[in-house]
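Here are my notebook entries from a walk through this model.

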Amino acid sequence: MFGPLTVKPAESKGDKTGSWRTQVRPHYLHKDCIACRMCLIICPEGCVHGKEKNAFWADYNFCKGCGVCADICPKKDIAMVVEESKGEDK
Amino acid sequence: MENSPLFKSGHTACAGCGQAIAARLVVEASGANTIIANNTGCLEVFSTKYPETAWGVPWIHSLFENAAAVASGIEAALIYLGKKDTINVIAQGGDGSTADIGLQALSGMLERGHDILYVCYDNEAYMNTGVQRSGLTPFDTNTTTSPSGARSSGNIRPKKPMPEICLAHGIPYVACASAGFPQDLTRKVKKAISIKGPKYIQVHVPCPLGWRHETNQMLPVAKLAVETGLYPLFEYENGVLTGRKQITPKPVEEYLKTQGRFKHLLNNPEEIKKIQEIADNNIKKYNLRLEI
Amino acid sequence: MKEFIEGSHAIAQIIKACQPGVISAYPITPQTHIVEDLAQLVANGELKAQFVNVESEHSAASVVLGGSATGVRVYTATSSQGLFYMQEVVFNIAGMRLPVVMTCANRAISAPINIWNDQQDSISLRDAGWVQIYAEDNQEAVDFHLIAYRLAEDKRVMLPVMVCMDGFILTHGMETVDMPEQEKVNKFLPNYKPLYKLDPAEPTSMGLLADPDYYMETRFAIQETLKASLGYLSEISQEFNTVFGRNYKDLLVEEYQTKDADKVIVAMGSVCGTIKEAVDQQRAKGKKVGLLRVITFRPFPYARVYEALKDVPRVAVLDKAVSLGAYAPIAVEMKAAFYGKKKGPKVISSFVGGLGGRDITLESIDEVFRRLTAKEVNSDFIDLKPELLKEDTRR
């Protein structure tokens, strides 16, 4: 029988919310990064990954382009750049 | 943690959602041995649309107003099973489900002394239904049910003093936090779960859609609320004020002008004066002014 | 062991024997004696359960929801306004497929406020997705709670069960009850093993949002499960008979002198005791009358009702509830059971009585049989006081 509606986290892949992104996306410059992890901590999507300096990255499958990571970066090492393409592949 | 996130990507919150940030920080601070009961609201809807879930911890949603009571049942069951000492129970909801429709259930939970952390994500209106006024909507805010107009400058009442209401229950820990100060929020959650008994944390979470600011302005807006004295960050342990974020107060106008919900006030010095008084009272009450 | 015992005390004793881990309730007359007893049993250390004193019935139902979702057997009890106040949670518990067991001490609905018995409260929640079983006496009330847990926790079911017992008449009535022994209870009702639960060892999200792509199937699943539960109830009652030496046929309906009857009353709950006596008296005078007692109201046993009454010419349905502005609740089901069928009563008349604790006496029952004529009536109130219905002269 169908129900109750329960889901185990492993079964959930998550919607590819990157497809709804605003017109801009974060571009991690990897120049002055000090690995303070603020971008990772503050990302509303939890889609920023990385451990070492100049090695942080946003998973564009989920990034909605809010720009909070760029705003919080103390080294201004994340630039918001205009999207070039549309849809899932952006 | 990155291999099995406790609050993972793919949820459907709006871009720049302050609540999504705070919710992730709360569950990460509490850790994998946590069970969460969630009221109906934005967070519940955007994190658990079947067949997806963002939650890496056991999580339950029942109704709009009963997370505190459901969590009480979870806690009671864990005590019965002899597992309470190893598992944190969190009840959480938005400002409406906490201060309005869920206030009774929350009061019951606090009064009964359950070992539960209650987290209120305060975005200051019913955002999930389209920005209607709640008991935690600030004075003079323009919402869809407290609109400004020829005979109104917005919401007619100040915020319901939820932290004080919780304090009056004699609970061991009450704190206010903000998505704009993530490390402070994490620290407060960790402290709260280390204390046995009912705990209440109210987190100020900007809502770009409802507050009408750009998505990348989440942090400056959240910080200005604190820096003007309109959203004091404090903590009470056993009824005693033990911590506060001290500020060099900025005029409230700096905060108000960042958001569309206060736009109607900008040419209205009389109303701005009233809001400044609210901030001044907070600054005095909690001794927020940084002494130089 | 046979005991002369108040209904509420007997219920508390049987709940103790079922060993729930979480009990939560809010006081409302006439449910109070049950939960007071349970609180005392916990205080005495005789029952190892968490008793959560809540600030409302809404929270009582929410607490047992949370407890059940954590994988523990739970119990609550309420009545009347209390049931209505928890209504939102009552529907939620069924939708979440949690095997909660609740006692409803049936009581009238406000306004005007009235603490006495009828069945308007639980019947109003008939569409909630709960199994509803109505006891005639306290022996049944006790036995039905055991059966309720077995059915609710059956992996084929996983739905909540409400045991309905008439307020005061049963809850406060003293009767001799054969109390099930603990060893037999343990045999009949094994420890609860949840299918799904909140546990950090295996994180699960429960109570998710279902959009139009998923919602309808969840309701369909409950509907199909409830229909199938009619069979499970029969099956479980036979096992119950074996363990406890009782003689329940199937717990769906009871047929009392219906085989050759010209006239049969259909009713539910404790009033059936009075009706049986009236039937006996009329039978002694040579009148072919009988009683069909509905035991399980949800799921409704249409096929059993059809078989029982298909050759009876006239049927009177006596509801202790009213659907204001429409046919009475049990009457609606009776008419539905025979609509479009080849056989069935020529007349199904509907009577409403006993509201707000108005006594249904032997004379009331005789009156129902008298008014059951070739002319069908609907929601015809019995035992009304004509003097109260005259235009109010005080205005």
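**Entry 1: chains A and B**

I looked up the contact of chain A with chain B first: 26 residues of chain A meet 26 residues of chain B. I call two residues in contact if their C-beta atoms, placed from the backbone, lie within 7 Å. On the chain A side, α1 (38–42) and α2 (68–72) each supply at least two residues. The largest share of that side comes from α2(A), with four residues. By type, the chain A side holds twelve nonpolar, eight polar and six charged residues. My classes are these: Ala, Val, Leu, Ile, Met, Phe, Trp, Tyr, Cys and Pro are nonpolar, Asp, Glu, Lys and Arg are charged, and the others, Gly among them, are polar. Helices (H or I, at least four residues) and strands (E, at least two) are DSSP runs, numbered from the N terminus.

A note on conventions: this is a predicted model, where local features need pLDDT of at least 70 and side-chain atom pairs count only at pLDDT 80 or more, while totals for chains, interfaces and linings use all residues. Residues are numbered from 1 along each chain as its sequence is written, and chains are lettered from A and ligands numbered from 1 in the order in which they are written.

**Entry 2: chains B and C**

Next I turned to chains B and C, where 37 residues of chain B and 36 residues of chain C take part in the contact. On the chain B side, β1 (34–38), β2 (59–61), α3 and α5 (103–112) each give at least two residues. Helix α3(B) has the largest share of that side, twelve residues. The chain B side divides into 23 nonpolar, 13 polar and one charged.

I also found strands pairing across the two chains: β2(B) and β9 (residues 205–206) of chain C run parallel, joined by two bridges. Pairing here requires that DSSP finds at least two bridges between the strands. In β9(C), C:S205 is the bridge partner of B:W59.

**Entry 3: the nonpolar core**

Which residues touch the most other members of the largest nonpolar core? Of its 240 residues, they are A:C69, C:V22, C:V266 and C:V317. Such a core is a set of buried Ala, Val, Leu, Ile, Met, Phe, Trp, Tyr and Cys residues joined through C-beta atoms within 7 Å. Helix α3 (residues 67–81) of chain B gives the most to this core, ten residues. Domain 1 (2–244) and domain 2 (253–388) of chain C each give at least three. In soluble globular proteins, nonpolar side chains tend to be buried together.

I then listed the contacts of A:C69, leaving aside neighbours within four places in sequence: A:P26, A:C39, A:I42, A:C43, A:V48, A:A58 and A:I78.

Buried means 20 or more other C-beta atoms within 10 Å of a residue's own, exposed means 12 or fewer, and partly exposed is in between, with C-beta atoms placed from the backbone. One side of β11(C) carries C:K263, C:I265 and C:A267, the other C:V264 and C:V266, and both faces are covered. Five bridges join β11(C) to the parallel strand β12 (residues 289–294) of chain C, and C:I265 has C:L291 as its bridge partner there.

**Entry 4: chain C and its domains**

Chain C has 14 helices and 16 strands, and 54% of its 395 residues count as buried. The domain assignment, automatic or from a database, gives domain 1 (2–244) and domain 2 (253–388). Their centres, taken over C-alpha atoms, are 27 Å apart. Domain 1 puts 25 residues into the contact and domain 2 puts in 20. On the domain 1 side, α9(C) has the largest share, five residues.
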